[in-house]
Amino acid sequence: MSYTSEDSENKKKKDSAIKSLSRSIVDTVQEPMLILDVDLNFINANTGFYNTFEIVNEQALQLELEQNNPHFKQLKSNLEAELAVNKNIENSEFSLVLPKSGVRKFLINASKIDDPELILVSFTEQKDNLEKFDEIFSQAPAMICILRGPEHVFDRANENYLQIVGNRDIIGKTVRQAVPELDGQGFYEMLDNVYKTGKAFTGSEIPVKIDNGEKKLKNSFLDFVYQPIFEESGAVGGIFVHAIDITEKVKAIRKLEESENELRNLIDTVPAIIWITSESGKNSYLNKKWYEFTGQTQSEAHDFGWLNVIHPEDRKRVEKEFLKSNNERSPFHASFRLRNSEGDYRWVLDSGSPKYNSEGAYEGMIGTVIDINEEKIKEQLIREKQHRIRSIIEEADVATALYTGREMKIEMANDAMIELWGKDHSVIGKTLHEALPELEGQPFHELLQNVYTTGKTYWGKEDPVDLVINNKLHTGYFNFTYKALSDEKGEIYGILNMAVDVSEIVESKKLLKDSEERYRQMADLMPEKVSNIDPQGNVVYFNQGWLDYTGLSKEEFEEQGLNSFISPAEKDEFEKAWNYSLETGNDFEMELRYLNKKGKYKWHLNRAEAITDANGDIQLWICTATEIQKIKAEEKRKEDFLKLVSHELKTPVTSIKGYVQLLLSLLKSEKGVPLTAIPFQTSLERIDQQVVRLTRLISEMLDLSRIEKNKLVLKKENFSLNKLIAETIQDINYTNTQYNIKLTEEFDCNIYADKDRIGQVLINLVTNAIKYSPENQDIEVKIEKEGKNKVAVSVIDSGIGIDKENQKKIFKRFYRIDFKHEDTYSGFGIGLYLANEIMRRHNGKISVDSEKDKGSVFTFSLDVVSKDFKE
Ligand code: ADP
C-alpha cells in the first residue's frame, strides 16, 4: 500500500472521522473496548478499558500497547494471526497481570468493520467462581466486596457495601484511594497482611469510622471476615470481604452494660441490702450492703452461704420459707435475726419477688433486706404491753375496754363491759359509734376525743349513761375512767375505759337525798335548832332555826361556827361534856345559853345523839337545841316564889308567935302583975294584923292553885262598889297609917260580882301602890264612870313606876321586875296575876299606865248593875 499527499489529506480526514465514530461507539459500551485499525494500530479505547487495565491515558496506553506490555504484544500478535484467517474472533482467551488488580482473565471478541476499516476488540472478564457475585450477594444482608491484587482494588461490591461508603465510585479503585478515611484505623494493614500471608482474618465488634456521605464520619461497629482468594496457582489473588454492621447491637450492648453498671452502682449505694438468687435458689448476687452488714465474704455468702448468718433459731424456718417461695415462685416475706459484722443479731425484714426474663421464664428471685430491729423491738414491747393490757382487761372484774385510734375502735372489751353495755361480742372490732349508736348526743365521744388529744385522764363520777339494753333505752349511772394509752414514742394510740355501775348506789342516794330533803324541810320548820355533826365534831348541817335565832345568813353562820354562840359561862363545861360524848359516843345533854340576834343569851336544852352504822361506828350526831328560857325563867320564879312564900309566911308567924309568948309569959307571972297591966289590946291587935296578912297570903296561894287547876269559883252578888272600896281603904289605912289614901268617888254604882275577890283586887293594887312608893305617901283611889255602863277604879301612886317593857309582863304569873337588890320589895309576883284572872272572870279589864320614876296608874273596869238587880 502507498500513500499520496491527497491520499494523506484524505487519510487524515478519514482518520478523524473514524476516531469520532469509534469514540461514539466505545463510549456507549461499558465493557472494556479497544479500536484498532487494520494494521492493528491503536485508534481508541473506552473508559472501561482504561479502568480495567489500569492505564492512565492514551499515551500510556499506546506505550503499553506498542512496547512495554508483553501481554499486549502477545495479544497483538494473536489478533494478527487469527484475523488473518477469520474476519471475527470469538471468545479468545486473554489473561494478564495488572499491577494493582493482579491476574485478570478475559475473553476477547474482535471483528473487522469494512468501511471504514476498523477492528473492534471487546474484553469480557472471564467468569470465574466469583462471576455470579452480583446475583448472589447484591441482596445479601451483609456488606460484601471483592478486592483484587496487592493494592486491594475494589473489583465488586454489593449494595450494602456501597451504601456504607456513601455510594462512592469505588470499583476499580484501590482501597486506599476509595476509602481514604480508613487510614490509621488498621484496615489497610489487616488487608495487606491477609494478602501477604493468605490467612483469613476475623474481626469482631471492630469500631470503624466511615464517610457514608453524611457530614460526620459514621461510627460503626463491624463483625467482618477478610478471606483470601487464591489463584489456581495457589497465590493470593484477592480478598473477599464480608462485613456485618453490628453498630446497633454493640450500642445496645454497651447501653445495657452501662445501665447494668449504673444499676450495680445504684444497688451498691442504696441503703438496703439487695439480693438476687438463681432459679435453684442459690445466691447469684448480693450488693455491697450485705457484705458490709454481715461481714461475710463473697465466697462465704455463696450458694446458700447467706443462711449461715441467720440466727440459729430462725434459720430453719427462713430456709424453709425461702425454698417454698422459690419453688412456688411466690413472693417471699420473712423477718428474722441477722448477725451483723460485730456478731450482734438484729431483726431484719427480708422480702423478695419472683423474677422472669423477657421470654417469661423463671430466673429466680430478687429481694431486699431491711433492718427493722428498732421497730421489731418496739413492736415486741408494744405487743408485750398489749398482751399485758389484754390480760389485765380480760381478767379484770371491773368492766374494761380498750379503744384504739381516733375512730375509737373497740379493740378489746371484757365480758363485764359487754354486759354493762347490754351488747354481745360482735361489738369487738367495731367503732364505738357503730357499736353503741345510742351514745350519740351524749358527752362521751367528745370526752374521749379530748382525752385522746390531751392525754389527761377523765374521771366520771356517777355520770348518767343512756344505753339501749334489750331494745330499751335505759339510764344507768357509772363511775368510770378514760385513760390515754401511749406508745414508746409517747404517742397516744388508744384509750382504756374502766367503768363501775353505780346505778343502785345513785338510786339509793337519790332516795336518801329525797328523805334527807324532807328531813331538812321538817327540820327547818321546827322552832328547835337542829344540827348534824360529823364524828370529828364538824357541823355538817344546821337548820333554819339556827339562822333565825342568830340572825345570820347561812354563809355567815358557817363562818362563825355554832360554838361561838355559846355563853362563856357554860363554854368550858360544854366542851368537856361534848368531847366526852364525841369520844365515847354517849348521848349528850346539857342546858346552856346561846347568844341571840339581839345580843342576849337564852337558855337552851342541848341534846345530841349519835347515829351509828352496822358496825357501831358513829356516822353522825343529831343535835337539837330547844330554847327553855321561858321555862327556865318560870322555874326561877317558882323557886323565888317558894323562897318568898316561906319568907313572907315566916314574918307574920314569927311576929304572932312573939306576941303570944309575950302574953303567956306575962300571964304566968300573973300574981305580981295586974291583968290590966298586960298589953292585951295592942298585942292582940298586932296578932290580928299578922293573921290578916297570913290569911291573905294563904288565900292568894289558894286562889293561885285554884286558878291553875281552873277551880276558882266565884260567889257573885249585887253590892255597892263604892261601899266596898271605902271599907277596904279604911282597913288598909288601919295598918298603914303613915300613908295617905284618898278616895275620889265620881261615880256611885253597884256591881254584880264576887265581893271578896273584887276586894282582894283592890287590896292588891293599893298595897302595891304603897309598896312601890317608898318616898311619896300619897295614893289616890278613884271611882269613875266608864262608857255607858261601866265603872273604872284607878289606883294612882307617885312611886317608882314601871317601864314600858315590863308593863306587859307584870300581869304574868310569878313575874316580878328584877331589881338590883332582890330584897328591896318583897312579894310573890302573883298579886297582879290574880287580879287579872279575877277581872277576866268578871268580864272586866285591868290595865296599867305608868312612867318610870313618876308613878303608876292601875285601873280595873267592870260592868255596873242597877242597885236592885237580883240574880
Ligand atoms: P308582888 O308581890 O311582887 O308585888 P305583883 O303581881 O303584885 O307581885 O306585882 C308584880 C310586879 O309589878 C311587882 O313585883 C312590881 O315590880 C310591879 N308593880 C306592881 N305594882 C306596882 C306599882 N304600883 N308601882 C310600881 N311597880 C309595881
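User: How many bridges pair S27 with strand S29, and in which sense?

Analyst: This is a predicted model, where local features need pLDDT of at least 70, side-chain atom pairs count only at pLDDT 80 or more, and totals for chains, interfaces and linings use all residues. Residues are numbered from 1 along each chain as its sequence is written, and side-chain values use heavy atoms, with hydrogens and water left out. Strands (E, at least two residues) and helices (H or I, at least four) are DSSP runs, numbered from the N terminus, and two strands pair if DSSP finds at least two bridges between them. S29 covers residues 778–786, and S27 pairs with S29 over six bridges, in the parallel sense.

User: Why is one side of S27 and of S31 left without a neighbour in the sheet?

Analyst: The open sheet has five strands in the order S27-S29-S30-S32-S31, with mixed pairing. S27 (740–745) and S31 (845–851) stand at its edges, so one side of each lacks a neighbour, because each has a single partner strand.

User: What is the average twist from one strand to the next in that sheet?

Analyst: Axes are lines fitted to C-alpha atoms, for helices over the stretch in contact, and angles run from 0 to 180 degrees between N-to-C directions. From one strand to the next, the twist averages 15°.

User: Which strands are the edges of the open sheet with antiparallel pairing?

Analyst: Its five strands follow the order S17-S16-S20-S19-S18. Each edge strand pairs on one side only, and these are S17 (409–413) and S18 (458–469).

User: What angle does the direction of helix H17 make with that of S19?

Analyst: H17 spans residues 503–525 and packs on the sheet. It touches S18, S19 and S20, where contact means heavy atoms within 4.5 Å. The angle with the direction of S19 is about 120°.

User: Which residue in S25 is the bridge partner of Val 530?

Analyst: Strand S21 (residues 529–533) and strand S25 (residues 618–627) run antiparallel, joined by five bridges. The partner of Val 530 is Thr 624.

User: Which residue takes a positive phi in the hairpin of S24 and S25?

Analyst: Nine bridges join S24 (residues 601–612) to S25, and the two run antiparallel. Leu 605 has Thr 626 in S25 as its bridge partner. Five residues lie between the strands of this hairpin, and the residue with a positive phi, near 85°, is Gly 616.
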